[in-house]
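Student: Can we go through this one together? I'd like to start with the ligand.
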Amino acid sequence: NMHVAVHARAHQLDAPTRTFAADVLDGLSRPQKSLSPKYFYDDAGSELFVEITKLPEYYPTRTELGILRDRAGEIAALIPPNAAIVEFGAGATTKIRLLLAAHAVAAYVPVDISGDFITAQAEALRGDFPDLAIHPVAADFTEPFALPEAVRDLPKVGFFPGSTLGNFEPQDAARFLNSARDILGDGARLIIGVDLEKDERLVVPAYDDAAGVTAKFNLNVLQRINRELGGDVDLSAFTHRAIYNRDLHRIEMHLVSLRDQSVRILGEDIGFRAGETIHTENSYKYSLARFRALARQTGWTLQQSWTDADGLFSVHALEA
Ligand code: AVJ
């Protein structure tokens, strides 16, 4: 995009911000305007997400933690001795700590785009697990990446909690599971958390909470456009909406324009009609059967599945 190149130079944007700029202008020029959910997570957005995980309506985090805590022994029993755990998209270390406490492993490989964040988290972990070798990898885990040389000969166990898989379109979810198998290698295991389909009355409030934290989280992406790209978006002219799209098995988040308006981002004018939306996130929900079929199609064998008593969330152990 010529415009992006010209304006990015004029505004002296660094490489990640230029990518953000190009994605924003591309996403907002489509018939259904859209922005990738990966742009939620600047510092402010990451803090808001931590707040979301503590909301009474947001069941996934606490339910998955409950499963990992209750089943830590059974899960640990499936981890081979002297293993290296590779966490895809490592954020807070709360979940991995449950596994590490239940089972001694040789090495921990947190993989995340944000190198600074995982380095800080790894330091904190080092204090509590002095015998654990920690090898952080700064990489986009949705693309192929190389594991550190130091863990090459160890049995690998992938860890992908939080139903992050739910952010992937079905074909990308399959692509990720295939690529995780390639990265981890023959005989590897994968422990993965997957949110389950449920009644609309439970799932919609989880993405549209009474305190308005999810609304703030969603609107923060517009704030980020203003801050990083010098946009002039009036946040009060947009509102948060969460929709359960049952046919497509997903929660959709949108930002709805409250009026006809035009916003200016990097020299481009972008028009909105009243009621027009920016689609900002899909969070796919699986049935146990659909997740197992996906795992099978991507070359994994199901070892065991666990759910909470209410069937809200699931954790699976897969074998390559
Ligand atoms: C981090 C993708 C698992 O889909 O539940 C939470 C993100 N978005 N509230 C989810 C999210 C709105 C979350 N994941």
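Tutor: A definition to begin with: Ala, Val, Leu, Ile, Met, Phe, Trp, Tyr, Cys and Pro count as nonpolar, Asp, Glu, Lys and Arg as charged, and the others, Gly among them, as polar. This is a predicted model, where local features need pLDDT of at least 70, side-chain atom pairs count only at pLDDT 80 or more, and totals for chains, interfaces and linings use all residues. Residues are numbered from 1 along each chain as its sequence is written.

Student: How does the shell around the ligand divide into nonpolar, polar and charged?
Tutor: Three residues are nonpolar, seven polar and one charged.

Student: Which residues surround the ligand?
Tutor: Among them are Ile52, Pro60, Tyr207, Asn167 and Glu281; the C-beta atom, placed from the backbone, must lie within 6 Å of the ligand.

Student: Switching topic. What is the order of strands in the open sheet?
Tutor: E1-E12-E9-E8, four strands with mixed pairing. Strands are DSSP runs (E, at least two residues), numbered from the N terminus, and two of them pair if DSSP finds at least two bridges between them.

Student: Which strands stand at the edges?
Tutor: E1 (33-34) and E8 (238-245) do; each has a single partner strand, so one side of each is left without a neighbour in the sheet.

Student: In which sense do E1 and E12 pair?
Tutor: Parallel, over two bridges, with E12 covering residues 277-284.

Student: And what is the bridge partner of lysine 33 in E12?
Tutor: Isoleucine 278.

Student: Last one: what does leucine 190 touch?
Tutor: Leaving out residues up to four places away in sequence, leucine 190 touches Gly158, Phe160, Ala180, Leu184, Trp300 and Leu318. Contact requires C-beta atoms, placed from the backbone, within 7 Å.

Technical notes
Two residues are in contact if their C-beta atoms, placed from the backbone, lie within 7 Å.
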